[in-house]
Amino acid sequence: MVQNKNMAKSKTQFTCTACGNVTTKWAGRCEACGEWNSIVEEAPLSSGPSAATLGTTRGRRIELTDLRTEETPPPRTVSGVAELDRVLGGGLVPASAILVGGDPGIGKSTLLLQAAARFARMGLKTIYVSGEEASAQVRMRAQRLGLTQSPVQLAAETNLRDILTTLDEERPQLAIIDSIQTMWSDSIGSAPGSVSQVRAAAHELTAFAKRKGMAVILVGHVTKEGQIAGPRVVEHMVDTVLYFEGERGHQFRVLRAVKNRFGPADEIGVFEMTGKGLAEVTNPSALFLSDRGQPTPGSVVFAGIEGTRPVLIELQALVAPSPHSQPRRTVVGWDGGRLAMILAVLEARCGIPFAGLDVYLNVAGGMKISEPAADLAVAAALLSAREDAALPADTVVFGEISLSGALRAVGQTENRLKEAQKLGFSSAIAPKGGKSLTVDGIKLNRITDLASFVGETFGAG
């Protein structure tokens, strides 16, 4: 009897809802991610034999093919929305699993309902399954967006078994599940939205899509850290992971690919939220710079690369005397640690101190920049704000700064300059190095180190 009780206890496991870490006992704080009150008790996924003891029954032989076998790749289906097709790598691939995450209220359901309507008009049999809204509520949104004539089938259900049964009978070419956190399987003894339920639902839907040749799009909620809620293994299961980003105070929305087995990662699509849904933005550089007025201190235009497309973005900096003993360093849309590095290099290599000064840095338009090519533009914005001297309005800046103060060349310089020339800019400041090139209408000023840039641009350093 004691042995059976110990065996029952050993089957109980505790899982962190934030990172998916599994432990044998409950704790108030997760040892893996440090999150408080995130560990819950869950039943194991299977009470059968372990992987090491599968038993004596042999499985069926799997089919093997030769690597040299020539097969025609499956055709992609384009939606007609160029920004969405760009992020997907050229269109929707059959038998693919796509995970779309984003903040609540950012427009995920609106985007996918518009995408479902577009794909249905292109001839794909499409089913939209909502676990958060009733069918009447989805039709109400479709009426507001002008999509009521699209041949999209709707369903409001959260039972995974019923959803898979319906998909097996209807045989759609595209299924949209909104959202994966609301799905639940009756074979898992835990609440909907738990780690076990999310993992099981994602696995079943992905395996079903591969087996039936159906494309499936899963909507995922995100945590306060901006990551898709649930175990990280869900992102490994699917073929493509997309994040829908944006600030609620701005009308711009950015669809970013962070993983794509069928196309380039880090590709972005830009949309604008309007009264009739999301409208694609074909020229995001012009949109991000549309509110830029006369040249002001602290304002610099950065020529960046997002995926395969060049994008011009305005960086805004403000440097002011601090009334506090500890000056503030506030960053929106960029890495705060990299800002601290730029300030340290300016002080150590150029002799320009920022002690006793509050520093604020903002990426205009709600964009988020991650590439190191923005270092020089950030340094230029900080110096411009500190010295109260505006840079010329027709100048773009890009380049990476090393800890020694040297400037490193960045990739796709020609594409950056061509985008700047197309939008009316006539000069650019970039690192010296790389292949020599010229772009008609752009005067390129190449600089070797940060001290030279400070001396030539602001007359100090």
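# Contacts, burial and layout in a predicted model

Q: Which residues does G107 touch, not counting residues up to four places away in sequence?
A: Contact means heavy atoms within 4.5 Å. This is a predicted model, with residues numbered from 1 along each chain as its sequence is written. Local features need pLDDT of at least 70, side-chain atom pairs need 80 or more, totals for chains, interfaces and linings use all residues, and side-chain values use heavy atoms, without hydrogens or water. With residues up to four places away left out, G107 touches F244, M273 and L278.

Q: Is G107 buried or exposed?
A: G107 sits in the loop between β4 and α3. Buried means under 20% relative accessible area, exposed over 50%, and partly exposed in between (1.4 Å probe, protein chains only). G107 has 10% relative accessibility, so it counts as buried.

Q: Is P104 buried or exposed?
A: P104 lies in the loop between β4 (97-102) and α3 (108-121). Its relative accessible area is 56%. The cut-off for exposed is over 50%. Therefore P104 is exposed.

Q: Which residues does UniProt list for "binding site"?
A: The entry is unreviewed. UniProt positions follow the numbering used here, feature names are shortened, and annotations may be inferred rather than shown by experiment.

Q: Which residue's side chain does R416 join in a polar contact of 3.3 Å?
A: R416 lies in helix α11 (residues 413-422) and, at 3% relative accessibility, counts as buried. The partner of R416 is E371.

Q: How far apart in space are V359 and M273, C-alpha to C-alpha?
A: V359 lies in strand β16 (residues 357-363) and, at 0% relative accessibility, counts as buried. Its contacts beyond four places in sequence include L318, V319, F354 and L382. V359 and M273 are 86 residues apart in sequence. In space their separation is 31 Å.

Q: How many helices and strands are there in the protein?
A: Helices (H or I, at least four residues) and strands (E, at least two) are DSSP runs, numbered from the N terminus. The C-alpha trace spans about 80 × 60 × 50 Å along its principal axes. The protein has 461 residues, of which 47% count as buried. The counts are twelve helices and 21 strands.

Q: How far apart are the C-alpha centres of domain 1 and domain 3?
A: Domain bounds come from an automatic or database assignment. It gives domain 1 (12-44), domain 2 (82-282) and domain 3 (286-458). The centres of domain 1 and domain 3 are separated by 43 Å.

Q: How many contacts beyond near neighbours in sequence does the stretch 45-53 have in the model?
A: pLDDT is the predictor's confidence in each residue, from 0 to 100. The protein has a mean pLDDT of 87, and 91% of its residues reach 70 or more. Over residues 1-10 the pLDDT is below 50, and that stretch has zero contacts beyond near neighbours. Over residues 45-53 the pLDDT is also below 50, and the number of such contacts is three.

Definitions and conventions: Polar contact = N/O pair within 3.5 Å; in protein donor to acceptor, adjacent residues only side chain to side chain.
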